[in-house]
Amino acid sequence: MGQVLFWIPLHTAWTPQGIPVYGFGVMLFLAFVIGAAVAGRRGRLTGIPTDKLQDLILWLFVFGLVGGRLLYLWQYERPWSEFPEIWNGGIIFYGGAIGGTIGALIAYRRMFKPLGISVWSIADALAPALLVGLCLGRVGCFLNGCCYGHVAAPGCPAVNFPALTAPARDKLVKQSAEQTLVGFSMEDKAADDRTVGFVEPGSAASASGIQRGDVISTVNGCEVKDYGELENLLRNEWPRGQTSITLTVRRAGQEVALPAFTPRLIGLYPTQIYESMSAGLLFLALLASWPLRKYDGQLLVLVMLGYAVHRFVNESLRDDTPAYGGLTLSQWISVGIFGGGLLLALVRRAQTKPV
């Protein structure tokens, strides 16, 4: 996880630490650039003007970004004022697909329909690019920590996100109380309510040397006078990119500075990586299918069927999506996308001569 990949050392009154370069934003940028290159190459193979296809991709990207963001804010009941904060993640692919389709259809009517270019041939040129964008976009989700999975079963692949900044921390620490936030908890009956009680064995906190009975004096250089200040420092929104914590404790009448440590969440299914891998495999399948197409639009059909199946299964591993009638919103949409893919295949086979 790398919410902030690096800092640009430009220090001003508004950016005292410099300008952060977010992992999620970098992957979105790469998805756009590489996806446009892939689409351009596919377009040249079918005689679609490259300059117009690039304009179409820009329409698709902007409308897709807006659609994905709006669906996220609606589904998770987030305030609309958060719409511009794309660096925090929070873009639902199906919302992006709906928004991107609207943008692409508008652009098609303006730029391609007068030229007599089939919308289905354009769809086949864009389909591999869509998967490239999805593959890289989910890497961005992994760096950000969003779209996270359930607690992984023993022996299954798992990822341990930094606890202080991972979006999953509220679910695991506050709601289900499956773990402590920083690897220790406080002693309830101690005279000083900053006194450490339980220290989780094998945790990063334990490795840093913190012990039961230590009284916490400072957190990352900030003095804490009581438990209320301590809880406020630990549980409130943590600065993005700052995953480690440094404590000073009072032990046997002396101040002891402990080494910095990074608390981590218990292992979660790496659903972001699963989706990135699935998109990569679908991309390779589309490249292999390109010379075998029987009709224009066939690659779009393959994307609809393949991704719908993957997303339906992968959603069962995710722990950040509410259910409606036993299925998540994305699972319901996957069912519709799969049915739409089957219908589109039947219609295109019936109305199109082999290419």
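Mentor: Buried means under 20% relative accessible area, exposed means over 50%, and partly exposed is in between (1.4 Å probe, protein chains only). This is a predicted model, where local features need pLDDT of at least 70, side-chain atom pairs count only at pLDDT 80 or more, and totals for chains, interfaces and linings use all residues. Residues are numbered from 1 along each chain as its sequence is written, and side-chain values use heavy atoms, with hydrogens and water left out.

Trainee: What makes Arg169 and Asp170 a salt bridge?

Mentor: The term asks for a side-chain nitrogen of Lys or Arg within 4 Å of a carboxyl oxygen of Asp or Glu. Here the closest N and O atoms are 3.8 Å apart, so the pair qualifies. Glu82 and Arg78 qualify too, at 2.7 Å. Glu82 is buried at 15%, while Arg78 is partly exposed at 37%.

Trainee: How many salt bridges does the structure hold?

Mentor: It holds 15. Arg138, Glu275, Arg311, Glu315, Arg318 and Asp320 are linked in a network of them.

Trainee: What does the salt bridge between Asp192 and Arg250 tie together?

Mentor: Those side chains meet at 3.7 Å, N to O. Asp192 lies in the loop between strands E3 (184-186) and E4 (196-199), and Arg250 in strand E7, so the pair joins parts 58 residues apart in sequence. Helices (H or I, at least four residues) and strands (E, at least two) are DSSP runs, numbered from the N terminus. By that count, the protein has 10 helices and 10 strands.

Trainee: How do you know that E5 and E6 pair?

Mentor: Two strands pair if DSSP finds at least two bridges between them. Strand E5 (residues 215-219) and E6 have 2, in the antiparallel sense, so they pass. E5 is also joined to E7 (residues 247-251) by 4 bridges, again antiparallel. Val219 shows both sides: it stands opposite Cys222 in E6, and its bridge partner in E7 is Leu247.

Trainee: What is the strand order, and why are E6 and E8 at the edges?

Mentor: The open sheet runs E6-E5-E7-E8. E6 (222-223) and E8 (254-257) each have a single partner strand, so one side of each has no neighbour in the sheet. As for E5, 5 of its 5 residues are buried.

Trainee: How do you know that the length of helix H10 is close to what is expected?

Mentor: The expected span is 1.5 Å times one less than the number of residues. H10 (residues 329-351) has 23 residues and reaches 33 Å from its first C-alpha to its last, close to the expected 33 Å. Its buried residues include Leu329, Gly341 and Arg348. The buried residues of H10 pack against several elements, among them helix H2 (50-75) and helix H9 (298-315).

Trainee: Helix H9 holds His310. Why is His310 called buried, and which residues does it touch?

Mentor: Its relative accessible area is 14%, so it sits below the 20% cut-off. Contact means heavy atoms within 4.5 Å, and His310 touches Tyr274, Glu275 and Ser278, not counting residues up to four places away in sequence. Across the protein, buried residues make up 46% of the 355.
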